[in-house]
Amino acid sequence: MGEVILQMKNITKRYPGVLALNDVSINFRKGEVHALLGENGAGKSTLIKVLSGAVTNDEGEIVIDGETYNHMTPATSRKHGVEVIYQEYNLIPSLSVAENVYLGKQMHGLIDKRTMEKETQAIFDRFNIENINPKKLIRDLSPAQQQLVEITKAISKNARILVMDEPTAQLTQSEVEKLYEIIAAMKAQDVAIIYISHRLEELFAVTDCVSIMRDGCYVDTVETKETNRDQLIALMVGRELTNTYRTESLATDEVVLEAMHYEGFRNEDCSFKLYKGEILGVAGLVGAGRTELMRLVYGADKKLGGELILNGQKISINSPKDALEKGIGLIPEDRKVQGCFLNNTIEWNIAISDIKNQTQGGLVSEAKIQKLAQEFKDKLNIKTPSLKQKVRNLSGGNQQKVVLAKVLARKTDIIIFDEPTRGIDVGARYEIYTLMSELVEQGKSIIMISSDMEELIGMSDRVIVMSEGRITGELKREEFSQEAILSLASNE
Amino acid sequence: MENNSNKVAAFFKNEMMIFVLIALCVVFGIINPVFLDPKNLLNICTQNAYFIIATTGIAMIMISGGTDLSVGNMMSVVGIVMALSLTVAYLPTPVAILIGVIVGVGLGMFNGFIANLFNIHPMIVTLATMTMFSGLSYTLSNSQSFFDFPEDFIGIGQGYVGPISIPIILFIIVVVIFSFIMSKTVFGRFIYAVGGNPEAAHLAGIKVKKIKLMVFAIAGGLFALADIVLISRAGSAKSDMGVSTTFDGITACVLGGVSFIGGEGKIRGALVGCLILGVLSNGMQLAGMGVYAQNIVKGAILIASIGMDTIQRNAKLKVKKTKAAAA
């Protein structure tokens, strides 16, 4: 293990009413992949912002390369080679790969495109990154390729401490492998890597040690080799979580929904059945057309062909309005873009889908809305001081709960969940699983699109697998395995 | 404690423009006491009635996430069509008004329809229709002015009920009805939803395009009504009348806290924005400033009001920082 390059000592950061960081001390070493683990709101992001100089700590000091600072500024942070790759990409879509890589670098005089492109290609070569042309515009790249460009950008600045915040959220399995290779290569060059992820299996695949944070406090640092899943979760949540994955199926043999020969821009001849009381998992790689198929079923996009049978009757759905009226709800994938009205209050958001029933004498009734919102706040355990809080100010997990409440308020019998737990901390994740189990107990039926293998295998009664816009297979519970799903998903 | 002071701060922030309005009135009253004469104050309201009615429509469009650059030119078309109906075709006043409103609603729907059809931002659509409507208006009027409106038509703009002019009564009715629609009805909520996040609104079962079309149609009706008040009060119609409403209206909305991005703002806020602009014009005139100097001040006030918001936010952050450091 290399020498200590960075010490965060007794870091404390207060926001009005909240202690975001409480006396946190962690050491980071050269050539070490060091995970930061904690629920949303545990203080990981704030700690990273203190390191990058985006946020000023109230107490504590940072020792970096032997130099001691009371707080960092973006300039000192950069001087010491601290680079942060955030979840939200900081690339400029209308510029080329090479231009983005060189953005913000000190350059004098004229911009030499050819040199930029050559040097970008050199970094790609060094890390075996194929299929990205430095001349291409960022907006023409896939999210995974963009992620690789972000990393390249950090490397090109000779990063010595590299922070990766949920780097795999957008990546497919093979791209994740590529990322691991890159991390290994950087490790070999003595870069200290701080790795933030909610996916525990990744931590075991790629990190050397894990520091756990909870409610702004440092909890413990453990060697990855010497720990296990249950211990990490217990440290993170502060209590033992009983396994909430489902053990018995409640599925009946009554078909509630049957989609036949669905066609769309991204989908060809997709047919599937959903049984009453079932959780139907939909597996596939990113871009397999899962979200697109469900949007067709929900009427969010125009289908080019196909029939829908609901409870034995042929129906036509041409808009989300039709779907909701016929008893089909959809919880979208991207809660910020598709799910929430960020600038409106929690109660406003929860009521909007069902607003026609939240009226008194034809007028919107604040009293009814409050009652509805309070009901869901209690039921879903939405953590907020007030229902009048803007959704923008909530954590990811709580935002997701608001989106769930908004759809559940319509009391539909069929609910489509699209990546219900992406980017959500363990505690909220288990709450969502419990909720799904409760829903099927009430006789509702669920379609769950997910890229999380554990979730698919743990929650589904049956899984259909998609690849390149088609349904390539179906697996029953007893046939579930990661290998079976992956082989259908890659259509080999 | 903290909660209470937050509430007070929030109240001041939300209602700040009302205080700005009152402050302006006080300042102009000191400069020239004639300003505070009730007759003058009522006069400001009467003069700006058409503007307030039109701005109500602009606010609705902005809350729904759109922008309309064609407002003034649309009003100009409506004015010319009504003037032709009254003074060339000699149609009765109610018929001419009906035609005017139909033209307004129709042109508004045209804007909304084109925006929906090609899925382009209304700002681009209305940039084009602005030019079209301008051409249409001058073609119809042949660059002529129209006078000699019938008495009953003129009565709309120049009539009084007691000391209160009919334009004032009209704008109050419009503001009350539309505040009510925006805050209390399902339709109003849908408008905020469509402006706040069209994709989420779509997935929540709201017919986004239908709502947008309706907003443009209703706003078109309001623009027509505004123009009826404008030309009946002036007693004449010309193709260049009312054209400045577009940008003045947007200015008033921004002053009154209606978000350019959509989904936020209140009709009441837009009203306050209109009154601030009205008071500025009148007050500066009484203070002896010319029209051009007034424009400079108007622009400066707009920058100041937007800048104030940012400065306030930064100041708050600073206070928090020093507090945190002290603790």
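In the predicted model, Ile44(B), Gln47(B), Asn48(B), Phe51(B), Ile52(B), Thr55(B), Thr56(B) and Ala59(B) of helix H3(B) meet Ile267(B), Ala270(B), Leu271(B), Cys274(B), Gly278(B), Val279(B) and Asn282(B) of helix H13(B). Contact here denotes C-beta atoms, placed from the backbone, within 7 Å. By class, this contact has nine nonpolar, six polar and no charged residues (Ala, Val, Leu, Ile, Met, Phe, Trp, Tyr, Cys and Pro count as nonpolar, Asp, Glu, Lys and Arg as charged, and the others, Gly among them, as polar). H3 spans residues 38-63 and H13 residues 267-286 of chain B; the two pack at an angle of about 145 degrees, with their axes 9 Å apart. Axes are lines fitted to C-alpha atoms, for helices over the stretch in contact, and angles run from 0 to 180 degrees between N-to-C directions.

The model is predicted: local features need pLDDT of at least 70 and side-chain atom pairs count only at pLDDT 80 or more, whereas totals for chains, interfaces and linings use all residues. Residues are numbered from 1 along each chain as its sequence is written, and chains are lettered from A and ligands numbered from 1 in the order in which they are written.

Chain B contains 14 helices and two strands, defined as DSSP runs (H or I, at least four residues; E, at least two) numbered from the N terminus. Of its 327 residues, 45% count as buried, that is, with 20 or more other C-beta atoms within 10 Å of their own, the C-beta atoms being placed from the backbone.

Leaving aside residues up to four places away in sequence, Phe223(B) touches Ala54(B), Gly57(B), Val71(B), Met74(B), Met75(B), Val78(B) and Gly104(B).

Between the chains, 25 residues of chain A are in contact with 20 residues of chain B. Helix H10 (320-326), helix H11 (335-339) and strand S18 (363-364) of chain A each supply at least two residues of the side of chain A that touches chain B. The residues of that side divide into 13 nonpolar, seven polar and five charged.

Methods
Buried ≥ 20, exposed ≤ 12 C-beta atoms within 10 Å, placed from the backbone. Contact = placed C-beta atoms within 7 Å.
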